[in-house]
Amino acid sequence: MATLRDIKKEFFSLPQKEQEIILKEIYGFSKDVKEFLNVRLLGDGEEKFIEQIKKATESATAKGTPKMIKVVNVNSILNKARKSNVKKDTLCTMEWHAFDGYMTFLNDYGGGPDSYENKTYDHLKNYLLLLIESSNNNKQSLEEELLGVENYLNQHNNMYNDHLWELFEGISAEYIYRD
């Protein structure tokens, strides 16, 4: 199999018209490639990732019966977004929706698979770290966001969420007291 270097050399040695034909073929190769190129080159389509993550983490059907969240689908959507190099704010929003989806399931149905508890932790951690990273040292705005997370956790407070409180307090205290 040829290396990327070999492919690039061959591609750029082609006349522009042939390059355009190959690019068209690449674009039509799959839906994932189209999404990647739209986000990467045009900055378009980030909202689609947010909508996909919301839909993937819905835990109730129209009839109100539980619908299991497919961890693989959620991870796949987040990985595609990362590979497409979406903005940190978009990724932060996606992590929040993933966290909220698992949290809602666990609260609405009194529990769920152990992996859901692990995923609430992982997505909250990712959300908080992205939130702090993208705050651009705007302490007031960040503190308002952290207060919102604290209120959310208070509304969903039960013995199953102690590990989330520990995570939240650890990360938020580290930020607040690092000055």
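Reader: Is Lys54 buried, partly exposed or exposed?
Author: Lys54 is partly exposed, at a relative accessible area of 33%. On this scale buried means under 20% relative accessible area, exposed means over 50%, and partly exposed lies in between (1.4 Å probe, protein chains only). This is a predicted model, so local features need pLDDT of at least 70 and side-chain atom pairs count only at pLDDT 80 or more, while totals for chains, interfaces and linings use all residues. Residues are numbered from 1 along each chain as its sequence is written, and side-chain values use heavy atoms, leaving out hydrogens and water.

Reader: Okay, and which residue does Lys54 form a salt bridge with?
Author: Its partner is Glu51, and the closest N and O atoms of the two are 3.6 Å apart. A salt bridge here is a side-chain nitrogen of Lys or Arg within 4 Å of a carboxyl oxygen of Asp or Glu. Glu51 is also partly exposed, with a relative accessible area of 42%.

Reader: How many residues apart are Lys54 and Glu51 in helix H4?
Author: They are 3 residues apart in H4 (residues 46-56), which means that about one helical turn separates them. An α-helix has 3.6 residues a turn, so residues three or four places apart point the same way. Helices are DSSP runs (H or I, at least four residues), numbered from the N terminus.

Reader: How many salt bridges does a search of the whole structure find?
Author: The search finds 3.

Reader: Nice, so what does Glu95 pair with in a salt bridge?
Author: Glu95 pairs with Arg82, with the closest N and O atoms 2.7 Å apart. This pair links distant parts of the chain, with Glu95 in helix H6 (residues 88-108) and Arg82 in helix H5 (residues 71-83), 13 residues apart.

Reader: Is Glu95 buried or exposed?
Author: Glu95 is buried, with a relative accessible area of 0%.

Reader: While we're on H7, which of its residues are buried?
Author: Among them are Tyr116, Lys119, His123, Tyr127 and Ile132.

Reader: How far does H7 reach from its first C-alpha to its last?
Author: H7 has 20 residues and reaches 29 Å, close to the 28 Å expected at 1.5 Å a residue. That expected span is 1.5 Å times one less than the number of residues.

Reader: Switching to loops: where is Asn85?
Author: Asn85 is in the loop between H5 and H6. Its phi is positive, about 65 degrees, although Asn85 is not a glycine. Most residues other than glycine have a negative phi.

Reader: And where is Asn161 found?
Author: Asn161 is in the loop between helix H8 (139-155) and H9. At 5% relative accessibility, Asn161 counts as buried. The C-alpha atoms of Asn161 and Ser76 are 25 Å apart, and these residues are 85 apart along the chain.

Reader: Last one: which helix does Glu169 lie in?
Author: Glu169 lies in helix H9, and at 46% relative accessibility Glu169 counts as partly exposed.

Conventions:
Helix = DSSP H or I, 4+ residues; strand = E, 2+ residues; numbered from the N terminus.
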